[in-house]
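Student: I have a chain to go through and would like to check its geometry step by step. Please take my questions in order.

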Amino acid sequence: MLAIDNALRGASAVIVALALSFGAILPAHGQDARLDPGTGLPAARPFDFPDRGDVTPFWAKRLTGYLTTSDGTRLHYSVLLPKTSGRFPTILSVNGYDAGAIGGSPYLKYKTSMSVELDRYLVEAGYAVMGVNVAGTGCSEGSLEYTRPQLGQHGAQAVEFAALQEWSDGNVGMVNWSYGGAAQLATAQNRPAHLRAVVPGMVLTDFRDALVPGGVPAPGFITPFRGVMRAYWQKVVGQVAVEEGDTQCVQRIQKNLDAEDRSSIMHMFLSHPLRDDYMKSFDLAPLADRVQVPVLSLEAFQDQAVTPRSGHYQSQLDPARLWRVQTNGRHDMYFAARFQALAVRFLDRYVKGENNGFERDTAHTTVWMETFEEGQDPLQRRVSPTPRWVVERGSIGDGDLHARTFHLAAGRLLADAVGAGAADGYDYPGAGVVVNDVTGKSFWGALPGDWKTTSIAYTSPPLDKDMMVYGPGSADLWVTAGAGDADLQVTLTELRPDGQETYVQRGWLRLSNRALDDKRSTPLLPVHLEQPEQFLPVLPGQPVLARVEIQKMGHYFRAGSRLRVWIDTPAQTGGLVFDTFTQKQRVYVLHNARYDSVLRLGILQGVEGPAAYPECGTVILQPCRPDPLATP
C-alpha cells in the first residue's frame, strides 16, 4: 500500500487549489485586508500553492522536450525513468494543468495536479512515467479545445511518440482523473497501435454535464476552474521553465494565458448555452464504442466537480474488457491508496503482460459501500478512503436491475397504490438547500427561512426489507408552472429510524428541456434530446411530464428506514452553483390516476449488507441532518 503520510500531498493539490481560487482570501485574524489602490476595495491575495513538504526523487533520469503532432503543434512533455536498465513500459498522463512538467522543482514540493505517490509506485514497479500538456496549456503550443477531437488525436500521437523512444519497450498505458480521465477516453477512441490499457477516473465526457446539467445553467464552477488551470501554468509550469532556461516556454505560457482570456470556457458557456452542433463536438460519449483496450474505470457517486454521469459511456464498452470501481465520495477519490494499488495491478496485467490473475480474481463491478476516511489531518484523509463493505458483481446491465416504483401521494411515497388528492404546490424560485462544497467538504446547508413554502417532500412508510439502490433513477413528475419555464431539483434521502436524514443523490431538469429521446430512454434513465429546436416552453395550467434523471448512486437502504424525495429549486451541490430561471410563480406537482407522478429506482438483487447503520458524519459526501419534518 502507498505511504499515506506522503500520498496526501499530491492528492490534495488540485482540490486545495480549487478551494483557494474562490474569490478573495480573507486576511488572518487581527490583520487588515490589503486594499487595491485602483478600486479602494479589499484586494484578493495572490493565488499560490501551499507547501506540502519535500519529495525525494525516485527516478534515475528525467527527460523533457517537445513532441510535434501531425498538425504541427508542439506539445511539452516530461519523462521519469526507473533506476534500472533496459527499455520500459510507459504510463502516460495527458492534461491541461502541469502534466508536462512532472519532476520539476514544484513537483518536488508536491505542487502538482498529479499523484506523486502513484508516479512513485509506477516508477518503482519498472514503468517510465510520462506527462504531456495538451495544446494551448502550459508550454504547449496550439489552441486549447478541451474535449474536442483534437484532444484524442494529439493523445494518440503522444502514445505513439512514447512507444518509439529508445527508453520505451513499445507498450503504453494511461492513467489519471478528471481532465486526465477525459484525455484517456478521447485517446483510446483513436485506437493508437501501442496503447494497451487505460485507467480513467471521474471522466467529463460532455461539458454540458458540468455547465448545464439537465439544462439548468451552472456557471458557478467556471471561474474557479479557469483560475486553477491558469495558476498551474503560471506558478508551476512557469517556475520550471524559468529554472531550466526554457525561454520559449515562458513566452508560450503568456500567449496561452492571453488566448484563454479571449476564448475561455466562459466564452463557450455564454456563446453556446444550448446543445448546438458546436457543443456536440465536445461530447466524447457517442464514440465510446471505439475503445477496444481494457478499461479500469473509477466513479464517485457524489463527485462535486463533474457529477458521476460521464455520459454513461461505460455502457458502450465491451463488458469483458471493462472493470468498474464505484464509490460514494469526492472528485479526488482517484488518490485512494486502495484504488491505486488495484490500478497498478491492472497495468501490470495489460501493459506489462504479466499473468497475475487480475482478470480471474477481480470482479467486473466493485461498489465501495459507505466509504469513510481515516486519520486526523484533513489532507491525510484524502488518500485513506476505505469502504465499510463491498458489493462485487459481474457486468451489471439494465436486465440485472429490478425497477421499483413509488407513487407520489399527499406527502407520501406509496409502493402499492397510485396517489390521489389535490396537487401539491411550492413557491418558485426558492433558495434551496446547499449540500457539500467544491472542495469536498461534507455538510447539509442551513434550511432557508421559507423552506416550508418553497419545497415539498414525499416520504415512504418504513421499508419492510433491505434494498440496494444502484445506478441512475428517474423522478417522473407531472407538473404545472405558470411562467413558461422553471427548474426542478429532486433530492433523494434516507430517513433513518434514529431520526437522521442522510443525503443520497440529486438530479435537475429545466422544464423546457424535457423532450425525451425515446429510443435511448429507459424506465430508470431519461435521456433528453437537448436540441435547440426541441425546447418546449410550458403553458400556464397545462400539466407536462418532466422526467428528472437522478444521478448514479449506490446506496443500501435498511429495513426500517424510509425513502424521501424533496422537490424544490436547484441549490448549490458541491461545485455546481446554479443560475436558475427566476420568474416568480407557483409550481404544482400532480398525483392522481390521470397524472401519476412516480419515483423509479433500480434495485440490485441479492445484496446483504451489515445490519448496523454507519455512524453519521463518517460516510464521504453523504451527510446526515436531523429530520426537518420531525418538528412543527
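**Sheets, helices and cores**

Tutor: Strand S5 (residues 168–177) and strand S6 (residues 195–201) run parallel and are joined by six bridges. The model is a predicted one.

Student: Which residue in S6 stands opposite methionine 174?

Tutor: S5 and S6 are parallel partners. Within S6, the residue opposite methionine 174 is valine 198.

Student: In what order do the strands of the ten-stranded open sheet run, and which strands stand at its edges?

Tutor: The order is S1-S2-S4-S3-S5-S6-S7-S8-S9-S10, with mixed pairing. Each edge strand has a single partner strand, so one side of each is left without a neighbour in the sheet. Ignoring direction, neighbouring strands here are turned by 20° against each other on average. The edge strands are strand S1 (61–68) and strand S10 (389–393).

Student: At about what angle to S6 does helix H10 run?

Tutor: Helix H10 (residues 337–350) lies across S3, S5, S6, strand S7 (295–300), strand S8 (322–327), strand S9 (365–369) and S10. Helix H2 (residues 116–124) lies across strand S2 (74–81), strand S3 (88–95), S4 and S5, at about 140° to S4. For H10 against S6, the angle is about 165°.

Student: How far apart are the end C-alpha atoms of helix H3?

Tutor: Helix H3 covers residues 149–163, which is 15 residues. Buried residues in H3 include Leu151, His154, Ala158 and Val159. At 1.5 Å a residue the helix should span 21 Å, and the model agrees, because its end C-alpha atoms are 22 Å apart.

Student: Which element gives the largest share of the largest nonpolar core?

Tutor: That core has 73 residues, and those with the most contacts inside it are Leu92, Met130, Val132, Tyr146 and Phe207. Eleven of its residues, the largest share, come from H6.

Student: Which residues does leucine 92 touch, leaving out those up to four places away in sequence?

Tutor: Leucine 92 is among the residues with the most contacts inside the largest core. Its partners, with sequence neighbours up to four places away left out, are Met130, Val132, Gly155, Ala158, Val159, Val172, Gly173, Met174 and Val175.

Student: Is tyrosine 146 buried or exposed?

Tutor: Tyrosine 146 lies in the loop between strand S4 (128–133) and H3. Its phi is positive, about 55°, although it is not a glycine. Most residues other than glycine have a negative phi. At a relative accessibility of 6%, tyrosine 146 counts as buried.

Student: What is the relative accessible area of asparagine 436?

Tutor: Asparagine 436 is placed in strand S14. Phi there is near 65°, a positive value in a residue other than glycine. The residue is buried, and its relative accessible area is 4%.

Student: Which residue in the hairpin of S11 and S12 takes a positive phi near 75°?

Tutor: S11 and strand S12 (residues 413–414) pair antiparallel over two bridges, and leucine 408 stands opposite leucine 413. The hairpin has four residues between the strands. The residue with that phi is glycine 411.

Student: In S19, which residue is the bridge partner of leucine 488?

Tutor: Strand S18 (residues 487–495) and strand S19 (residues 500–510) run antiparallel, joined by nine bridges. Both belong to an open sheet of five strands in the order S15-S22-S18-S19-S26. The partner of leucine 488 is leucine 509.

Student: Which residues does glutamine 531 touch, not counting those up to four places away in sequence?

Tutor: Glutamine 531 lies in the loop between S19 and strand S20 (544–550). At 17% relative accessibility it counts as buried. With that exclusion, glutamine 531 touches Arg275 and Lys280.

Note on methods: Residues are numbered from 1 along each chain as its sequence is written. This is a predicted model: local features need pLDDT of at least 70, side-chain atom pairs count only at pLDDT 80 or more; totals for chains, interfaces and linings use all residues. Side-chain values use heavy atoms; hydrogens and water are left out. The expected span of a helix is 1.5 Å times one less than its number of residues. Buried means under 20% relative accessible area, exposed over 50%, partly exposed in between (1.4 Å probe, protein chains only). A nonpolar core is a set of buried Ala, Val, Leu, Ile, Met, Phe, Trp, Tyr and Cys residues joined through side-chain atoms within 4.5 Å. Contact means heavy atoms within 4.5 Å. Two strands pair if DSSP finds at least two bridges between them. Axes are lines fitted to C-alpha atoms, for helices over the stretch in contact, and angles run from 0 to 180 degrees between N-to-C directions.
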